[in-house]
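Hi everyone, thanks for coming along. Let's take a look at one protein together and see what we can read from it.

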Amino acid sequence: MKTNASAILRCIGGAVSLLVMSALLAGCDNEAARIPSQENFTATTNDYLAQRGHVCLAKYEWPITVAAGSRDPDAQQMPVLEKLGLVAGKDVVATSKDAPAGLPAREYALTDAGRKHYLQVPVVIRTTTENITHPADFCAATLSLDRLIGWDPPQTRDGRTATSLLFTYRIALEPWAATPEAQQAFPLLARAIQREGTMQMRLGVHLTQRGWVADELDAH
């Protein structure tokens, strides 16, 4: 990380012991990391995407049961995943948890190949009234930073300094997600692919003692 030279000089002041100098320089590094800059916000976005940049399909809990005659998205999507070898289906009788009890249904469970894509990474769903966190999801691709476009002026409220970053992304697909069948079954995935490098995404971040951190990675 580049360090602000004037900040270092302010910290050093004059002749000091090597131990004190090391401590002061560490403090300067923290100060440099707290500056709202292209470099710092790029690092923050990269850190967030490395941990949470998964494109997932909102399949939080398995097995998934689809009642006969259902028009839910699962009724179209599960057979595609079964054809791709990611899930295995068996005929069952629906329970009240899945559909009207007693109806014929098909239950889909992840295969060994499918379990590789069921990531135990928290997924936060924000609504107008609450945040809902799911502990895992079935994922099809990974995002990385394309370009940091900019950020809003940081604002401090109740002792918390925060801002919002704007960026575009690159997307790396799992091989099965690159198939026409998968993209037809999951239109939101297809849209994410089509908008690579052009769709602008926002990321809320806030300032900590160690620098800028994505809100989702640090609830404090």
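Let's start with helix 7, on the face turned away from its buried side: there you find the exposed residues Leu188 and Gln194. Before we go on, please remember that this is a predicted model, where local features need pLDDT of at least 70, side-chain atom pairs count only at pLDDT 80 or more, and totals for chains, interfaces and linings use all residues. Residues are numbered from 1 along each chain as its sequence is written, and side-chain values use heavy atoms, with hydrogens and water left out.

A few words need a meaning. Buried is under 20% relative accessible area, exposed is over 50%, and partly exposed is in between, using a 1.4 Å probe and protein chains only. Helices (H or I, at least four residues) and strands (E, at least two) are DSSP runs, numbered from the N terminus.

Which residues of helix 7 are buried? They are Leu189, Ala190 and Ala192. Seen down the helix axis, these buried residues fall within an arc of 160 degrees, so they line one face of helix 7. That arc is taken from the directions from the helix axis to the C-beta atoms. Here is a handy rule: an α-helix has 3.6 residues a turn, so residues three or four places apart point the same way.

What covers the buried residues of helix 7? The cover includes strand 1, strand 8, strand 10 and helix 6, which is 180-185.

Helix 7 also brings us to the largest pocket, because it gives the most to the lining there, with five residues. How do we find a pocket at all? Rolling a probe the size of a water molecule over the atoms shows where empty space is left. In detail, we use a 1 Å grid over the protein atoms alone: a cavity is a set of points where a 1.4 Å probe fits but cannot get out, while a pocket is an open set with protein on both sides within 12 Å along at least five of seven lines, and lining residues have an atom within 4 Å of a point. Grid points are joined across faces, edges and corners, and a volume is the space filled by probe spheres set on the points.

The largest pocket holds about 1,100 Å³ of space. Its lining has 39 residues, and His54, Val55, Cys56, Leu143 and Met201 lie nearest the centre. Among the elements that supply at least two lining residues each are helix 3 (38-52), strand 1 (54-56), strand 8 (137-151) and helix 7 (187-194). Sorted by class, the lining has 26 nonpolar, four polar and nine charged residues. For that sorting, Ala, Val, Leu, Ile, Met, Phe, Trp, Tyr, Cys and Pro count as nonpolar, Asp, Glu, Lys and Arg as charged, and the others, Gly among them, as polar.

Cys56 lies in strand 1 and Cys139 in strand 8, so the pair ties together parts that are 83 residues apart in sequence. The torsion about the S-S bond is about 75 degrees, so this disulfide is right-handed. Buried or exposed, where does Cys139 fall? Cys139 counts as buried at 5% relative accessibility, whereas Cys56 is partly exposed at 26%.

Over in helix 3 sits Gln38, which is partly exposed, with a relative accessible area of 40%. Leaving aside neighbours within four places in sequence, Gln38 is in contact (heavy atoms within 4.5 Å) with Leu148 and Trp151.

Most residues other than glycine have a negative phi, and most peptide bonds are trans. Ala58, though, has a positive phi near 60 degrees, and Ala58 is found in the loop between strand 1 and strand 2. Pro63 lies in that loop too, and a cis peptide bond joins Trp62 and Pro63, with omega about 0 degrees. Asp158 has a positive phi of about 55 degrees; at 87% relative accessibility, Asp158 counts as exposed.

To zoom out, the protein has seven helices and 12 strands, and buried residues make up 33% of its 220 residues.

Note on methods. Disulfide = S-S within 2.5 Å.
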